[in-house]
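Subject: Structure handover

Hi,

Here is the structure I promised to pass on. Have a look at it first, then read my notes below.

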Amino acid sequence: MRYVLLPSLLLLASCSAAPWVTGHTDSKCIREQMLSGAGGNPHAFATAASICAATARKDNGGHDRPLDVRDDMTLQAMAENPDYNTNRQPFVARDSKTRIPGGVRNINID
């Protein structure tokens, strides 16, 4: 039994960094920050995006990477709109050919 347990734990640990496996996407992070924030205080889009970018930077070994919110069309529109993205947080373009983490979901809460 222990010969099966160790490889399964290693496999699960390696999958935890893959957002399409765990469901931890940039969109989910931003939505959580916009809805509940820290201590129950909701944040505006720009602040939520900054918090999630800092988390992504930490997870990426200190290197910046653009946020990928293509799986949520409402957040994608907010990221593209300078009235919402006031701190000019970099994001993956809507027409990018890279894989969308988590697949495409149409979530609109407008």
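What follows is a short tour of the core, the disulfide, a cavity and one backbone angle.

A word on the ground rules: this is a predicted model, where local features need pLDDT of at least 70 and side-chain atom pairs count only at pLDDT 80 or more, while totals for chains, interfaces and linings use all residues. Residues are numbered from 1 along each chain as its sequence is written, and side-chain values use heavy atoms, with hydrogens and water left out.

Let's start with the core. The largest nonpolar core has 13 residues, and Ile30, Met34, Phe45 and Leu75 touch the most other members. (A nonpolar core is a set of buried Ala, Val, Leu, Ile, Met, Phe, Trp, Tyr and Cys residues joined through side-chain atoms within 4.5 Å; buried means under 20% relative accessible area, exposed over 50% and partly exposed in between, with a 1.4 Å probe and protein chains only.) At least two residues of this core come from each of α3 (26-35), α4 (45-59) and α5 (73-80), and α4 gives the largest share, five residues. Helices here are DSSP runs (H or I, at least four residues), numbered from the N terminus. Beyond its neighbours within four places in sequence, methionine 34 is in contact (heavy atoms within 4.5 Å) with Pro42, His43, Ala44, Phe45, Ala48, Leu75 and Met78.

Next, the disulfide (a pair of cysteine sulfur atoms within 2.5 Å). The whole structure has one: cysteine 29 and cysteine 52, with sulfur atoms 2.0 Å apart. This pair ties helix α3 to helix α4, across 23 residues of chain. The link is left-handed, at -95° about the S-S bond. Cysteine 29 is buried at 19% relative accessible area, and cysteine 52 is buried too, at 2%.

There is also one cavity of 30 Å³ or more. By cavity I mean a set of points, on a 1 Å grid over the protein atoms alone, where a 1.4 Å probe fits but cannot get out; lining residues have an atom within 4 Å of a point. Grid points are joined across faces, edges and corners, and the volume is the space filled by probe spheres set on them. The largest cavity comes to about 30 Å³, and its lining includes Ile30, Phe45, Asn85 and Phe91.

Last, arginine 88: this residue sits in the segment after α5 and has a positive phi, near 55°, though not a glycine. Arginine 88 is exposed, at 69% relative accessible area.

Cheers

Technical notes. 1 Å grid on protein atoms, 1.4 Å probe; cavity = no way out; pocket = protein on both sides within 12 Å on 5 of 7 lines; lining within 4 Å.
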